[in-house]
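Hi,

Here's the structure I said I'd pass on.

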Amino acid sequence: MRAIITVAGKDRVGIIASVTHTLAERNVNVLDITQTILPPDFFTMVMLVDTGACTVSFGDLADQMAALGKDMGMDIRVQREDTFQAMHRI
C-alpha cells in the first residue's frame, strides 16, 4: 500500500534524516520526496512511501510517526494515498 507522509514545522538540521531513518527501521520505502523552506524558517515536506513491507501495522506506523513529530516539535501525519487523494480532490 502507498501512503502520503506530511511533515511541517520550524526548520532545523536533521529533519529529513530523522524521518527517513525511522521509516527505514520499519522497512518503509520512500518513493518520492519534496521539501520546501517557506520564509523565514518554516519547513514542509511531502513524501510518497510504499508501506507494503512495513514491519508494523499502518495504524502503529501513523502513531509512531506522529510521536516522532511531537519529539521533534513538528507535525507528522501519515495517510493512505487514496484517503489523501480524496481529501484534496476539487
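Below is what turned up, starting with the whole chain and then moving to a few residues.

Keep in mind that this is a predicted model. The chain has three helices and four strands, and going from the N terminus the order is β-α-β-β-α-β-α. Along the principal axes, the C-alpha atoms fill a box of roughly 35 × 35 × 20 Å.

As for contacts with a separation of 6 or more, 65% of them are between residues 24 or more positions apart. The chain exposes about 5400 Å², with carbon and sulfur atoms supplying 53% of that.

Now to Arg26, which sits in the loop between helix H1 (15-25) and strand S2 (29-38). Is Arg26 buried or exposed? Its relative accessible area is 18%, and the cut-off for buried is under 20%, so Arg26 counts as buried. The Arg26 side chain reaches the backbone oxygen of Thr22 at 2.9 Å. Beyond its neighbours within four places in sequence, Arg26 is in contact with Ala53, Cys54, Thr55, Val56, Leu61 and Gln64.

Ile16 belongs to helix H1 and is partly exposed, at 33% relative accessibility.

Cheers

How values were computed
Residues numbered from 1 in each chain as written. Predicted model: local features only at pLDDT ≥ 70, side-chain atom pairs only at ≥ 80, totals over all residues. Heavy atoms only, no water. Helix = DSSP H or I, 4+ residues; strand = E, 2+ residues; numbered from the N terminus. Buried < 20%, exposed > 50% of the residue type's maximum accessible area, 1.4 Å probe, protein only. Polar contact = N/O pair within 3.5 Å; in protein donor to acceptor, adjacent residues only side chain to side chain. Contact = heavy atoms within 4.5 Å. Areas by Shrake-Rupley, 256 points an atom, 1.4 Å probe, with all protein chains shown as cover.
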